[in-house]
Amino acid sequence: MDRRQFVRLLTAGGSVAIGHRAWGRTPGFSADGAFPYFGEGVVASRELVRYPQKTDLILLTDRPPQLETPLRYFQSDLTPNDAFFVRWHLSGIPTNVDLHTFRLEVNGLVQKPLSLSLSDLKTRFKPVSVVALAQCAGNSRSLFEPRVPGGQWGNGAMGNARWTGVRLKDVLDEAGVKAGAVQVGLRGLDVPPMPATPVFQKSLEIDHARDGEVMIAYEMNDSPLPMLNGFPIRLVVPGWFSTYWVKSLSSLTVLDQPLKTFWMDKAYRIPDNPDANEDPQHLAAATVSISLMPVHSIFVSPEPGEQLRAGESFTLKGVANDGGSGVRRVELSTDGGQTWSDATLGTDLGKYSWRTWQAEWTPPAKGSYRLMVRATAGDGQTQRSSQWNRSGYQRDVIEDMDVVVA
Amino acid sequence: MRWRESCTCAVVAVSMLSLAGHGQQSGQPKTKQEASAPVQSIVLPQYAPNVPAGPHVDTYRKDCLICHSARYVAMQPRFSQTVWEKEVKKMVDAYGAQIPDAEQKEIVEYLVAVRGPLESK
């Protein structure tokens, strides 16, 4: 029995109609992407688990929690808080926050250090809102070929939400940034398991921090943040990968030199070229910290494994995003990229939001079809057909999906 | 100015058993938004470790699972010995794991046994 046959056995009694091409051809994943197979009878299931304040999510790891959102939640413009993906780095995550004592400390190179309660943030600064996509730098890592080590996410390490809070700029202005500031260092309430483990710290350039768009959010979709998504406040860095969106934000330190930390200098780095691309045999010599999200689109429906029927209309659905110029166009192919047609774009919720899209498709006959989707951003950027990097970051290749129509 | 390790937050709480939040809530009028509650507390669920059998599994348990779930390994595809050596070295050099050289070798052996290339068997 070859791997594909095994895969068929694993899934729904052999009735698999659709295989995600990347998953289908990648050793280690079944055709529906749901059951990574490692051989010798060892199957690490992507089992559904329910954490506090969350609905059933796909379990990657439990200590610290890394939970992936099932694709069906991406059919709506905003991802519900309880379905929003979860990703922590260090096992000492906050599970208890007392707002009587919780403070956001603002210190370093400032005229007046601040110690702000949640109530201070809500009453002393002007509230603002933005719809923005949070996407893990390693979203879709399991689709890279050759495979790379790290969290083996499918496409569900992202979510789109309306964030409400205060401008980071306003808080920094209140503290009074002194001349010579170059960055703002960020940290949250999570703590390392060992004394020698680097504390999770990130930084933003001072001009970025003061651009008026970076936000300290205390609400997500008009409700408080779930604990696992950063209660009581998290940073929102519109357009940037969410590694910078520090959860349970507890201190801001204005720095006169770039922050030196594992989490900036060694981790979350990509090849220094616009495509974050490199050859497995010839790794890029120069790397840079990951930042803006490139234009990107995925299928949400059909889901891998779903049945389609010849002669029956089916609504293809998905989402597309970029890092802040908005999504201008989404095109679909049902013949492996030979011909393309435009999908209908959903509601425009702003340039940092993803854009849902859909298109009706009636498979003319039984057989195999390769569906493909590509997006074009407002700034004209579009997607590439191949990409690889050693850490499995910033995946944004043209998505394809093999469909067998019955 | 150096980054200050100011852990001023009183609640870096990892008290998994604390249900104080719910206690303090009772008797107070329920606000529209749940999190207006002054204390938020969750209890993390526990899952049975996913530890496939293999050589030196006890070393793996002792040195690796102190910091993270065994699912970090369980979710990985198969990798070469070179990749696993790099991963173990990263845990020591970058993440500060205190693992003697001899035990690092044992852990690599374990990882190659449970998530190594099939052809190496």
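Predicted model: local features only at pLDDT ≥ 70, side-chain atom pairs only at ≥ 80, totals over all residues.
Residues are numbered from 1 along each chain as its sequence is written, while chains are lettered from A and ligands numbered from 1 in the order in which they are written.

Let me begin with confidence, where pLDDT is the predictor's confidence in each residue, from 0 to 100. Chain A has a mean pLDDT of 90, with 89% of its residues at 70 or more. Over residues 1–44 of chain A, however, the pLDDT is below 50, although in the model this stretch has 90 contacts beyond near neighbours in sequence; a contact here means that the C-beta atoms of two residues, placed from the backbone, lie within 7 Å.

Now to the strands of chain A. Helices (H or I, at least four residues) and strands (E, at least two) are DSSP runs, numbered from the N terminus, and two strands pair if DSSP finds at least two bridges between them. Four strands of chain A form an open sheet in the order β19-β20-β24-β23, with antiparallel pairing. The edges are taken by β19 (296–301) and β23 (344–345) of chain A, each with a single partner strand, so one side of each has no neighbour in the sheet. Five bridges connect β19(A) with β20 (residues 314–321) of chain A in the antiparallel sense, and A:Phe299 has A:Gly318 in β20(A) as its bridge partner.

Elsewhere in chain A, strand β21 (residues 327–333) runs antiparallel to strand β25 (residues 367–377), joined by six bridges, and A:Ser333 is partnered by A:Met372 in β25(A).

Some backbone details deserve a check. A:Arg63 and A:Pro64 are joined by a cis peptide bond, with omega about 0 degrees, and A:Pro64 sits in the loop between β3 (56–62) and β4 (65–68) of chain A. A cis peptide bond also joins A:Glu145 to A:Pro146, with omega about 0 degrees, and A:Pro146 belongs to the loop between β9 (127–135) and β10 (158–167) of chain A. A:Gln53, which is not a glycine, has a positive phi of about 65 degrees.

Finally, chain B, where axes are lines fitted to C-alpha atoms, for helices over the stretch in contact, and angles run from 0 to 180 degrees between N-to-C directions. How does helix α4 (residues 81–93) of chain B cross helix α5 (residues 101–115) of chain B? Their axes come within 9 Å and cross at roughly 135 degrees, which makes α4(B) oblique to α5(B). Angles under 35 degrees count as roughly parallel, over 145 as roughly antiparallel, 65 to 115 as roughly perpendicular and the rest as oblique. Among the residues that meet are B:Trp84 and B:Val88 in α4(B), and B:Ile107 and B:Leu111 in α5(B).

Helix α2 (residues 57–64) of chain B packs on α5(B) at about 115 degrees, with the axes 9 Å apart, and this makes α2(B) roughly perpendicular to α5(B). The contact includes B:Tyr60 and B:Asp63 of α2(B), with B:Ile107 and B:Tyr110 among the residues of α5(B).
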